[in-house]
Amino acid sequence: MTTTGRSALLGAALLGLVVIAVLSVGIGAHAIAPGEVVRALLGEGNPSDRAVVLDIRMPRAVLATAVGAALAVGGVLVQALSRNALAEPGVLGVTAGAGFAIAVGSSFGLAASAPAELGLAVLGALGASALVYAVGSRSPLRLVLAGTALSAVLLGLTLGLRLLFPETFDVYRFWSVGSLAGREQAPTTVPLLIIGLSLLGAFAVSRQLNAIALGETVAHTLGANVARVRTVTLLLITLLAGAATALAGPILFVGLIVPHLARRVAGASIPWLIAFAALLGPVLMLAADVGSRVLLPTGEVPVAIVTAFLGGPVLIWAVRKYGAAPL
Amino acid sequence: MNSVSTLVLRRGRFSARLERRTLWFFVAMIVVIAGLTLLGLCYGAAWASPARVFAALTGSGGGPGVVIREWRLPRVLAGLVFGAALGLAGAIFQNITRNPLGSPDVIGLDAGAYTGALFAITVLSGTSTQLTVGSVLGGVLTAAIVYALSLGGGLSGLRLIVIGIAINAMLTALNSWIVLRAELEIAIAAVGWNAGSLNGVGWDDVAIPFGVLAVLFAVLFTRAPALHQAALGGALAVTTGVRWDRLRLVLVLLGVGCTATVTAVAGPIAFIALAAPQIGRRLARTPGISLLPAALTGAVLLTSADLAAQMLLAPEALPVGVVSTVIGGGYLIWLLTKEVRRT
């Protein structure tokens, strides 16, 4: 596909993101027309609508956008780094680490508030990925195996804690189904900032990742510092996936499927992949969030369940139609 | 040089070429298995000396003998046989897909069994028969769906894995939602079943599964040479005379059969199918994923995990799945660190 074609598609994806963002702010228990949404954002219109839009729906849409972009771009980076089309950000142990920290914290009665849960999740994510990197930094395959193995260990320990302490079980089962409901009320500034900066960082390393994708020797001759790019990329993946998991709990499917979809239009170019993923991830998350609010008349379906049932069939369709794209 | 590190065994038409290292691996594994079996028979609420265990096995000895014969023996054997079955199932799927992630728990079989069991627990009354039937049906149905969806696109193993991962993600989401909406006690019971456990397994529970697994093992070993050829890749296997499409179906059926049989009795015991083939390959230094090392490693992993589960918080018995994931994962990390240091 030509650069012009890709640019046009990127513009279309951006437009789609804006449309679905406005829709997601309008749709809910109290429906607000798109025109009213825009007016409320400009500080006009009916005060009760304005309150709903500015205090509840808007922060939630921002959250969904950030989480979607973080997971999707994290997925692109981890697949490029591990050269494995099946890798998702969780493969480095980030999610299992966050969950383990939540389980340990709640066993000691530390996970009682939203900020505490957020802090625990970030700590766990960072610790786990540091360990995985220490063991597996030498080769992509080893990185994936080490991440899978550490995840299993942490999941096993978490399972033990859950079965021993009913309270931990209860905290964990609500945390472990990723959801955006009520999460906009937690202090989200720091994680959102982390995601924003990491996304910029992803664009900054994307050209060098492109060089590494050609093989290490070629990358060296092209002037890329392979070891440093790898370390920076791993740090970015950890920050993106860790912040997203801290904000919304484990929503991993987005990180697997959006890179696959983006590859259909972006080909193998990593800068383009990141650009498309950064737009398509939010689109998927916002659509899933709308779905989570309207699917059941009795209450909300957690958004992670909607993303799984939205993303799963799409992934199966894509694999059947195009084959499992190797990197 | 070659004659020192390899052995060739011949008997009539049959011959086998063994690396010395592989031979030592088999000997060591058999010793370990014997030791674990003895330990499993000795250990319990009351320690029985090895002499007493031998007396009980030969039929004499009153009270403690009954405990050893009727309670401990079936449990130890279940650990060995089920562990071997899980290791074989993992080896089958990793060979078919040629990917270390190809394992029944990665492609959704365990999640499907869990969905069936959750249905039995939350909608029906959750008797043990309903649990067994529900989990087997759930696992087999999931396998059929994954297999059917992955057909028709040539011989790609990656395709089967990606589709399996997609189905697995959907089922896992569904399962955690059911757990989320259930009463706390019911939810804990369901998660406990899902962890996988050999607690309270007796002769009545294992007699039929042992029979089924014996048949599956026998069929599998007649297919072993073709399986190892297939590990070179589907296309290459076809050119060397393997009927790959039919072989793949038979192998998937065998793998699903092994997994479902174990799950029906003990619940989905995670990670052994994923780890055993990889660990066995590294220990035995076989070039690819071979069946026998995977089976032996699986048996050792599950039996030692079950012993640890009984000992760790005694008298409280942990589900073996908790320990198996920790042991299997930890061991894999250790192996990887060793390789890192060597390079």
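In this predicted model, helix α2(B) passes helix α13(B) in a left-handed crossing. The two helices, residues 20-42 and α13 of chain B, pack at an angle of about 25 degrees, with axes 10 Å apart. Angles under 35 degrees count as roughly parallel, so α2(B) is roughly parallel to α13(B).

Who touches whom here? On the α2(B) side, the contact uses Phe25(B), Met29(B), Val32(B), Ile33(B), Leu36(B), Leu39(B) and Gly40(B). On the α13(B) side you'll find Pro293(B), Leu296(B), Ala299(B), Val300(B), Thr303(B), Ser304(B) and Leu307(B). Sort the residues of this contact by type and you get 11 nonpolar, three polar and no charged.

Helix α13(B) has another partner to look at. Helix α12 of chain B (residues 272-284) packs against α13 (residues 291-312) of chain B at an angle of about 120 degrees, with the axes 8 Å apart. The pair is therefore oblique, and α12(B) passes α13(B) in a right-handed crossing. Residues from α12(B) in this contact include Ile272(B), Ala275(B), Ile279(B) and Leu283(B), while those from α13(B) include Pro293(B), Leu296(B), Leu301(B) and Leu302(B). By type, the contact holds 12 nonpolar, three polar and one charged.

Here are the two pairings side by side:

| Helix pair | Angle | Axes apart |
|---|---|---|
| α2(B) and α13(B) | about 25 degrees | 10 Å |
| α12(B) and α13(B) | about 120 degrees | 8 Å |

Stay on α13 of chain B for one residue, Gln310(B). Is Gln310(B) buried or exposed? A residue counts as buried if 20 or more other C-beta atoms lie within 10 Å of its own, and Gln310(B) has 22, so it is buried. Leave aside its neighbours within four places in sequence, and Gln310(B) is in contact with Tyr43(B) and Ala317(B). Thr259(B) sits 51 residues from Gln310(B) along the chain, and their C-alpha atoms are separated by 23 Å.

Now zoom out to chain B as a whole. Its secondary structure comes to 14 helices and two strands. Of its 343 residues, 50% count as buried. Take the contacts in chain B between residues at least 6 apart in sequence: 70% of these join residues at least 24 apart.

How many residues of chain A are in contact with chain B? The count is 38 residues of chain A, meeting 41 residues of chain B. The chain A elements that give two or more residues to this side are α5 (114-136), α6 (140-164), α7 (166-176) and α13 (303-322). The largest share, 14 residues, comes from α6(A). By type, the side of chain A that touches chain B has 26 nonpolar, six polar and six charged residues.

Val177(A) is buried, because 22 other C-beta atoms lie within 10 Å. Leaving aside neighbours within four places in sequence, its contacts reach into both chains: Gly249(A), Pro302(A), Ala304(A) and Ile305(A), plus Ser176(B), Trp177(B) and Leu180(B). With Ala304(A), the separation is 127 residues in sequence but 6.3 Å in space, C-alpha to C-alpha.

Finally, a word on confidence. The mean pLDDT of chain A is 82, and 95% of its residues reach 70 or more. Within chain A, confidence is lowest in helix α9 (residues 216-221), at a mean of 76, and highest in helix α12 (residues 270-294), at 89. Where pLDDT is low, predicted coordinates should not be read in detail.

How values were computed:
Residues are numbered from 1 along each chain as its sequence is written. Chains are lettered from A and ligands numbered from 1 in the order in which they are written. This is a predicted model: local features need pLDDT of at least 70, side-chain atom pairs count only at pLDDT 80 or more; totals for chains, interfaces and linings use all residues. Two residues are in contact if their C-beta atoms, placed from the backbone, lie within 7 Å. Helices (H or I, at least four residues) and strands (E, at least two) are DSSP runs, numbered from the N terminus. Ala, Val, Leu, Ile, Met, Phe, Trp, Tyr, Cys and Pro count as nonpolar, Asp, Glu, Lys and Arg as charged, and the others, Gly among them, as polar. A residue is buried if 20 or more other C-beta atoms lie within 10 Å of its own, exposed if 12 or fewer, and partly exposed in between; C-beta atoms are placed from the backbone. Axes are lines fitted to C-alpha atoms, for helices over the stretch in contact, and angles run from 0 to 180 degrees between N-to-C directions. Angles under 35 degrees count as roughly parallel, over 145 as roughly antiparallel, 65 to 115 as roughly perpendicular and the rest as oblique. A crossing is left-handed if the near helix is turned anticlockwise from the far one by less than a right angle, and right-handed if clockwise. pLDDT is the predictor's confidence in each residue, from 0 to 100.
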